[in-house]
Amino acid sequence: MASHIFRVGLTGGIASGKSTVAERLAHNGIPVLDADKVVHDLYLPGAPGAVAVAGEFGAGLLDRSGAVDRSRLAERVFSDPQSLARLNARIHPLVLDAQQRWFDARERAGDALAVVEATLLVETGGRERYDYIIAVSAPEAVRLERAVRRSGEFHREGLRRRIAAQMRDAEREKAADVVVETYGTKDELLVRVDGLAARLTELSQRANGPA
């Protein structure tokens, strides 16, 4: 039986702690792709995402270099569900294509297991694309305070709107195979993620075992 790379989706809302989980999985030797980095590259001058944003909302959302001004874009879409839906319809197919090409490359490299870290994973049909889904969770108040510490008190209301615009944790958790809660100590979280990494390795080996 031909081997098949075991595809894992890692998701969670803003400041849920999913980047810490992703970093620890990578520390355990598991390849991890950050979907936000994919979007960053798509929004560079002349890249397909920048072209799509300008086509959908006008060149006013690009900066002088021709890259997407992500702050202005966020102001536009996170207060307007219709604009957010329009953006997602243009950008998500590009992101999914980039993820597929990355998985293909990892499979060619001989990896048995790889993880994509993405906020909008369940909402974009991730249950059908992944063998296993991890949902990272923390109370909304905890997430907001973490986000404010990163971005500054000035951004509190905008962050609140962004959190409100995202899928609720309970909905993600329904679609997930495992939920990782991140509101304990960091050391406790890292121990749990190390265990999860071992579990994922075991599952990938089992998936590619003898027929």
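This is a predicted model: local features need pLDDT of at least 70, side-chain atom pairs count only at pLDDT 80 or more; totals for chains, interfaces and linings use all residues.
Residues are numbered from 1 along each chain as its sequence is written, and side-chain values use heavy atoms, with hydrogens and water left out.

Let me begin with the chain as a whole. It holds 10 helices and 5 strands, where helices (H or I, at least four residues) and strands (E, at least two) are DSSP runs numbered from the N terminus. Of its 211 residues, 44% count as buried; buried here means under 20% relative accessible area, exposed means over 50%, and partly exposed lies in between, with a 1.4 Å probe and protein chains only. If we take the contacts (heavy atoms within 4.5 Å) between residues at least 6 apart in sequence, 72% of them join residues at least 24 apart.

Now to helix α5, which covers residues 81-108 and has 28 residues. From its first C-alpha to its last it reaches 39 Å, close to the 40 Å expected at 1.5 Å a residue, the expected span being 1.5 Å times one less than the number of residues. At its N-terminal end the helix is capped by D80, which has a side-chain oxygen 3.1 Å from the backbone nitrogen of Q82. Further along, a kink of about 35° lies at I91, shortly before the proline P93; the bend is the angle between axes fitted to the seven residues ending at a residue and the seven starting there. After the helix comes G110, whose phi is positive, near 95°.

Which residues of α5 are buried? They are S83, L84, L87, I91, H92, V95, A98, Q99, W102 and F103. S83 counts as buried because its relative accessible area is 1%, and, leaving aside neighbours within four places in sequence, S83 is in contact with F57, R76 and V77.

The largest has 33 residues, of which Y43, V53, L73 and L87 touch the most other members. The largest share of this core, 7 residues, comes from α5. Not counting residues up to four places away in sequence, V53 touches Y43, G58, L61, V68, L73, L87 and I91. A second, separate core of 19 residues includes A22, Y132, I134 and V193.

Finally, consider S65, in the loop between α3 (48-57) and α4 (70-77). Is S65 buried or partly exposed? S65 counts as partly exposed because its relative accessibility is 48%. Its side chain makes a polar contact with the side chain of D63, at 2.7 Å; such a contact is a pair of N or O atoms within 3.5 Å, and within protein one must be able to donate a hydrogen and the other to accept it, while residues adjacent in sequence count only if both atoms are side-chain atoms. A polar atom of the S65 side chain also lies 3.4 Å from the backbone nitrogen of A67.

Technical notes: A nonpolar core is a set of buried Ala, Val, Leu, Ile, Met, Phe, Trp, Tyr and Cys residues joined through side-chain atoms within 4.5 Å.
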